[in-house]
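Open the model in your viewer and keep the selection tool ready. We will go from stop to stop, selecting as we go.

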Amino acid sequence: MMIQPAPRGGARFISTMAEHNDLCEQFARAFGNAEFERPEPYDEVVYAIGHHDRGWDEFDANPVLDEKSGFPRGLGTAPIPGGLATTQRSPDFNEARHAYCGLLSSMHCWGLYNARYGVSQFSTAKGGPVSIPIPPQAANEAKATLDAELARQERLKARLAANPATAKWIEDQRLMQNYKLLQFFDTLALYFNLRHESERGVETFVHVPRSPDADADVTVRPVGPETYAVSPFPFAGDRFEARCKGRWFEPVAADKLPGDLAKSLYGRPAAEQVHIFVRA
């Protein structure tokens, strides 16, 4: 669950992980021009980008209130109970679609705890770490979970390598190109999902792949209401408009806890935020 900040005491814009994933997929489908290659293999990469965090579905369907903030637990407020489980569930969901989808999702989940393989400098909290911190009491569980994902990756690579139609997909440069694309779209979405419009400053996204062997640093700069100048521009055309769905939620006082938080949250009117990208 993505919980955007707001002025003190104000309503916050909340999106599920599926809605966050949908925003990432919009970026993926718009990506590509004379300077930037489109994802390849297209269908499998776009699917993984559009579903990379679907291990959160169960948690989003059963939200838990953080009594300190008055908002549901999630990214932007407080950790969810059992959040490490999403590291397995998201790749499980994607592997059911295709081995390559499962591989990219597994790499994404492992990378969240390991500085995104060194290809990103984005932090969900300004000035914070790139990696998700692991509490000391969860160190053993985290190691076992992350080691299992490395084993999954080797198993899926072996399966893909055995098929002539997919063997080239896991060549080092091609695989990292697609992983970098996933990280760019994920962190670009987080820039919007986890920051109020008033907090979005100039942000540079590093290692955005132009091709399997060439990257670019893409800078996003606010230039007006809901509008951001991008340089170099990685999307088709000269203007691109993305929309993120969600709902507005006011903080809940400790003495007025809803009996059914899911009903209270998802009963709010559907809303959306618009993000417009233009060439710098």
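Select helix H4 (86-95) and helix H6 (139-161). Their crossing is left-handed (the near helix is turned anticlockwise from the far one by less than a right angle; clockwise would be right-handed). The axes of H4 and H6 come within 10 Å and cross at roughly 15°. That makes H4 roughly parallel to H6 (angles under 35 degrees count as roughly parallel, over 145 as roughly antiparallel, 65 to 115 as roughly perpendicular and the rest as oblique). Axes here are lines fitted to C-alpha atoms, for helices over the stretch in contact, and angles run from 0 to 180 degrees between N-to-C directions. Helices (H or I, at least four residues) and strands (E, at least two) are DSSP runs, numbered from the N terminus.

Before moving on, note that this is a predicted model: local features need pLDDT of at least 70, side-chain atom pairs count only at pLDDT 80 or more, and totals for chains, interfaces and linings use all residues. Residues are numbered from 1 along each chain as its sequence is written, and side-chain values use heavy atoms, with hydrogens and water left out.

Now show the side chains. On H4, pick Thr87, Gln88, Pro91, Asp92 and Glu95; they meet residues of H6 that include Arg152, Arg155 and Arg159. Contact means heavy atoms within 4.5 Å. The residues of this contact of H4 with H6 divide into three nonpolar, three polar and six charged. Ala, Val, Leu, Ile, Met, Phe, Trp, Tyr, Cys and Pro count as nonpolar, Asp, Glu, Lys and Arg as charged, and the others, Gly among them, as polar.

**Next pair**

Select helix H2 (residues 42-51) and helix H5 (residues 99-112). Their axes come within 9 Å and cross at roughly 45°. That makes H2 oblique to H5. The crossing of H2 past H5 is right-handed. Glu44, Val45, Tyr47 and Ala48 of H2 make the contact with Tyr100, Cys101 and Leu104 of H5. Here the classes are six nonpolar, no polar and one charged.

Which residues lie closest to the centre of the largest pocket? Select Trp56, Leu75, Pro79, Ile132 and Pro133, from a lining of 46 residues. The volume of this pocket is about 1200 Å³. H4, H5, H6 and helix H7 (172-193) each supply at least two lining residues. The lining has 26 nonpolar, 13 polar and seven charged residues.

Closest to its centre are Val119, Ser120, Phe184, Thr187 and Val206. Strand E5 (203-211) gives the largest share of the lining, five residues.

On a 1 Å grid over the protein atoms alone, a cavity is a set of points where a 1.4 Å probe fits but cannot get out, and a pocket is an open set with protein on both sides within 12 Å along at least five of seven lines; lining residues have an atom within 4 Å of a point. Grid points are joined across faces, edges and corners, and a volume is the space filled by probe spheres set on the points.

**Backbone stops**

Select Glu40 and Pro41: a cis peptide bond joins them, with omega about 5°. Pro41 lies in the loop between helix H1 (17-30) and H2. Finish at Tyr117, in the loop between H5 and H6. Its phi is near 55°, a positive value in a residue other than glycine.
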